[in-house]
Amino acid sequence: MSGITPSQTVGPYFAYGLTPTGRYAWKDTFTNNLVAAASSGEHIRIEGRVFDGDGAPITDCMLEIWQADARGQYASPADGGGSPTNASFVGFGRVGTDQAGAYRFETIKPGAVPGPDGDTQAPHIVVAVFGRGMLRQSYTRIYFADEAGNATDPVLALVPADRRDTLIASRRVEDGHVVYTFDIRMQGERETVFFEV
Amino acid sequence: MTRIYPVESLSAFPPRLSPGYRSTPKRGPTKPLIIMRHTLSELTGPVYGHDGIAPGDNDLTGHGKGDPIGERIIVHGRVLDEDGRPVANSLVEIWQANACGRYIHVVDQHPAPIDPNFTGAGRAVTDHNGYYRFVTIKPGAYPWGNHHNAWRPAHIHFSVFGHAFVSRLVTQMYFPGDPLFPFDPIFNSVTDEAARNRMISAFDLDHTVPEWALAYRFDIVLRGRNQTPMEK
């Protein structure tokens, strides 16, 4: 048994502390908009809904995402971060789902990043799902439907072929803006793939 | 220095499915999780500087026009990794009910008074020793409808970042000697007693400020340790 502090649910009342946007005068630490004026790369929107085992929308869910910049570099000391390249792109976002279980992020399409064996991972975003009724976060990944690199991605290769599509966001262009849709199903026939990390 | 995050350490965490907590059965994955080695995506994480925190963000008694009602307390401690080393410059965010056990959140309909001088939200960034400190109000217990006569023990929600996306922790800090512990399915979702007790703060007479506020100590241990040469 390790000595780490156990996880507990984020509960239904996290908004005042973690996603106060617009509720009262309190500056958000992180929001669903990752794009700064100086961020380079393709501006994209990612949107979707989160569903429970009954197929009902989860309206009190919190999602956090973490991603590389357009060049495939993370703004983290463990990836040489803090360089001028990505000082303008923090790469971390947070949002609560709304009354329809819906969320959206405005961000930059990430670049490919190194894999564990000197190979390359297709562009992706890592996601942590928190919520009432969730005693610990669940981890998944967003991949992009228009990326040829998905075919050789070492993590996607671990996923049974008939479940891979749950990790791939579909792409459309809406009013000149690139929008990806990524729904998260906690359970059910099309349950989203989650990772033990 | 290479940090590793053994998944074995997660044995201290509660299971995703914990039927005593009735919201869990429909909200956790039921298919097997995919086992994978950590990549750069899991081993990196955001950096949050002191710039984003305003002075006073860690004093929850100073966010209203007047003083909030209730017992003023100091909650402080260190954020550490599994080797016991401090996690410096780490964002610590908290939220909690007021002294009457009521959250200001619109979803909370518990018939206890809202305190207009208390939002219950605070944040701090750890110093080079991993140390943080809050001044707040001792939260009240509250009913939550999970089962007949269900009451949550008094608690403060904590959100903490470590060095990596996988060291991220959301937890709850409890107060020593709470008579509600045996009856709370969320607290008891952590099945190991020693692990459960790590969520309970310690009364800290040494850091009590005489004539002003009692203190509670809460050290937080995140995933992550040094890779030893043996393992290379």
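## A tour of the two chains

Begin by selecting W95(B), which stands opposite A121(B) in β5(B). The model on screen is predicted, so that local features need pLDDT of at least 70 and side-chain atom pairs count only at pLDDT 80 or more, while totals for chains, interfaces and linings use all residues. Residues are numbered from 1 along each chain as its sequence is written, chains are lettered from A and ligands numbered from 1 in the order in which they are written, and side-chain values use heavy atoms, with hydrogens and water left out.

**Strand β5 of chain B**

In β5(B), residues 121-125, five of the five residues are buried, so the strand is largely enclosed by the rest of the structure; buried means under 20% relative accessible area, with a 1.4 Å probe and protein chains only. A121(B), R123(B) and V125(B) point one way from β5(B), whereas G122(B) and A124(B) point the other way.

**Across to chain A**

Next, show both chains together: 74 residues of chain A are in contact with 80 residues of chain B, contact meaning heavy atoms within 4.5 Å. The area buried between the chains is about 7000 Å², of which carbon and sulfur atoms give 60%; this is the accessible area (1.4 Å probe) that the two parts lose on being put together, summed over both. Select F195(A), whose bridge partner in β2(B) is I34(B); here β12(A) and strand β2 (residues 34-35) of chain B pair in the parallel sense over two bridges.

Select R141(A) and E42(B), whose side chains meet in a salt bridge (2.7 Å, N to O). The side chain of R141(A) also makes a polar contact with that of Q121(A), at 2.7 Å; a polar contact is a pair of N or O atoms within 3.5 Å, of which, within protein, one must be able to donate a hydrogen and the other to accept it, and residues adjacent in sequence count only if both atoms are side-chain atoms.

Finish on Q121(A), in strand β6 (residues 120-121) of chain A, which is buried with a relative accessible area of 0%. Leaving aside neighbours within four places in sequence, its contacts include D153(A), T39(B), L40(B) and S41(B).

Terms used:
Helix = DSSP H or I, 4+ residues; strand = E, 2+ residues; numbered from the N terminus. Buried < 20%, exposed > 50% of the residue type's maximum accessible area, 1.4 Å probe, protein only. Salt bridge = Lys/Arg side-chain N within 4 Å of Asp/Glu carboxyl O. Pairing = 2+ DSSP bridges.
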